Amino acid sequence: MKKEQSEQYTVTIEKLDDKGFGQAIVWRENELGNKRKLKLIIPESLPGEKVQVTVKEPHRRWQRQRPDKVFDRHAERVEPKCPHFGVCGGCVWQHFSYEGQLKEKGDRVKALLVEQGFSESVVRDPIGMDEPWLYRNKMEFTFSPEGNLGLHEQGNFRKVIPLETCLIMDKDMKEAVLEIARWVKRHEYPGYDKDTHTGLFRHVMVRKSFATGEIMLAIFATESYEKVEHVDEIVEIIREKYPEVKSLLWLENRDLADKAQAEEVHLLHGRDFIYDELAGYRYRLWYDTFFQTNPTQAEKLVEIALEMVRPTKKEKMFDLFCGVGTFSLPFASKVKHLSGVEIVETSIESAKRNAKDNGIDNTYFLAKDARRGIDEIIEKFGVPNVVLLDPPRSGAGGKVMRRIGRTGADRIAYVSCNPATFATDIKELEPFGYTLEAVQPVDLFPQTVHVELVALMSRVDE
């Protein structure tokens with residue numbers, strides 16, 4: 001078979017896609033003289049830049065390729081700080097100034113709302129970070145079959161980039177993780193091979209409370225720690241060198257799915273949770289607890305939601321997709337009664353415990369999906385004055401949004417980590433008499449394309 005020759009093009013970046021990569025189009029003629037479109041997806045490029053790219057498989061309809069050269073550099077282009085940038089899949093915008101990132105994120109939120117017929121005038125300027133580095137309080141790393149620990153290569157979940165540094169995670173977390181990586185390499189333990197489903201070590205998860213300083217380390221392996229030699233060695237090293245590690249876990253995971261999950265949990269040192277604090281409230285975090293990964297900006301999300309909603313002691317409130325009570329506890333102290341709904345039972349148990357730990361006794365937490373949960377708590381407590389929802393990236397969905405609309409609540413606060421699903425979700429509320437009052441983007445993920453937001457919708461009486 002004749003090897004296909006690569007082709008070189010110089011193109012202008014038209015826009016950034018939803019993954020933060022540049023886009024350009026090339027039109028070519030085939031043997032019959034017909035024009036064919038080649039869509040180029042170009043990481044590490046910015047709008048308006050002219051770049052040279054080498055296309056290795058010209059017969060395809062689209063290609064993702066890093067630029068060979070960049071001409072007409074964007075005014076907001078900067079030198080990336082991390083030696084892994086461009087290869088590691090963690091950050092995609094280290095070549096983009098922070099001011100440029102914030103403007104791009106704000107413009108994206110506006111464009112998605114305009115697509116749904118809303119006015120961009122309700123969107124405030126994004127709230128960024130004073131220091132947009134070392135902000136993450138939780139990270140998950142993967143072992144390669146050779147036993148190297150790192151992050152996945154950009155666009156290639158089969159390849160792991162060995163970890164030397166990571167500029168978006170806390171330094172103490174990095175050092176503790178590297179200690180485990182060195183231990184695995186020292187004893188030549190095999191990592192997990194996704195193709196053959198063989199090997200021992202799969203992941204390391206680390207989380208830290210910036211408020212209390214406590215760290216959790218969780219090692220995911222295909223065997224029990226009792227079947228592995230030298231485990232006592234790493235336990236002793238962590239105990240002596242990292243006193244801030246209050247939880248060291250060994251988790252058995254034999255599932256074929258490549259997720260940091262566990263069938264069995266073994267406590268090697270400390271307790272099976274760590275304490276964290278947010279907006280003045282204390283929380284217990286287990287290895288699988290969902291909690292905001294940027295606590296500095298998460299506190300701003302809570303403050304903004306409270307400022308927008310202005311809850312009073314006369315009001316009843318629903319918190320949908322409530323998790324462990326991140327928003328429930330601050331709001332519960334401001335309202336007459338708060339009901340939280342969350343489908344994950346362990347999160348509901350945590351929410352109940354967190355409310356009790358913080359001396360809050362006007363809450364009711366229900367383990368149910370949001371739509372059915374609304375019906376049950378209305379039957380129990382009546383119609384809410386306020387509804388707050390913080391759904392996953394996939395959004396709440398039309399059925400849930402219409403059920404929220406039918407409650408007739410005065411105000412609806414929507415916390416979103418995906419502006420695209422947020423825009424389609426809130427469109428469902430318009431037929432119920434709700435108008436979009438304000439949208440505040442908040443940057444929880446500097447150096448990446450992601451942005452969170454808090455929005456307020458109010459019911460307008462006819």
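This report covers strand pairing and salt bridges in a predicted model.

The model is predicted, so local features need pLDDT of at least 70 and side-chain atom pairs count only at pLDDT 80 or more, while totals for chains, interfaces and linings use all residues. Residues are numbered from 1 along each chain as its sequence is written, and side-chain values use heavy atoms, with hydrogens and water left out.

**Strands and hairpins**

Helices (H or I, at least four residues) and strands (E, at least two) are DSSP runs, numbered from the N terminus. Two strands pair if DSSP finds at least two bridges between them.

Strand S3 covers residues 22–29. S3 runs antiparallel to strand S2 (residues 15–16), and 2 bridges join the two. Leu16 has Gly22 in S3 as its bridge partner. In this hairpin 5 residues lie between the strands, and Gly20 takes a positive phi near 90°.

S3 is also joined to strand S4 (residues 35–42), by 8 bridges and again in an antiparallel arrangement. Gly22 stands opposite Ile42 of S4. The hairpin of S3 and S4 has 5 residues between the strands, and there Gly33 has a positive phi near 85°.

**Salt bridges**

Side chains of opposite charge can pair when their charged atoms come close. A salt bridge here is a side-chain nitrogen of Lys or Arg within 4 Å of a carboxyl oxygen of Asp or Glu. The whole structure holds 30 salt bridges; the table gives some of them.

| Glu44 | Arg66 | 2.7 Å |

Glu44 and Arg66 form a salt bridge. Glu44 lies in the loop between S4 and strand S5 (50–55) and Arg66 in the loop between strand S6 (62–64) and strand S7 (69–71), so the pair ties together parts that are 22 residues apart in sequence. Relative accessible area sorts residues into buried (under 20%), exposed (over 50%) and partly exposed in between, with a 1.4 Å probe and protein chains only. Glu44 is buried at 18%, whereas Arg66 is partly exposed at 38%.

Glu233 is partly exposed at 26%, and Arg186 is partly exposed at 44%.

Asp170, Asp172 and Lys208 are linked by salt bridges into a network.
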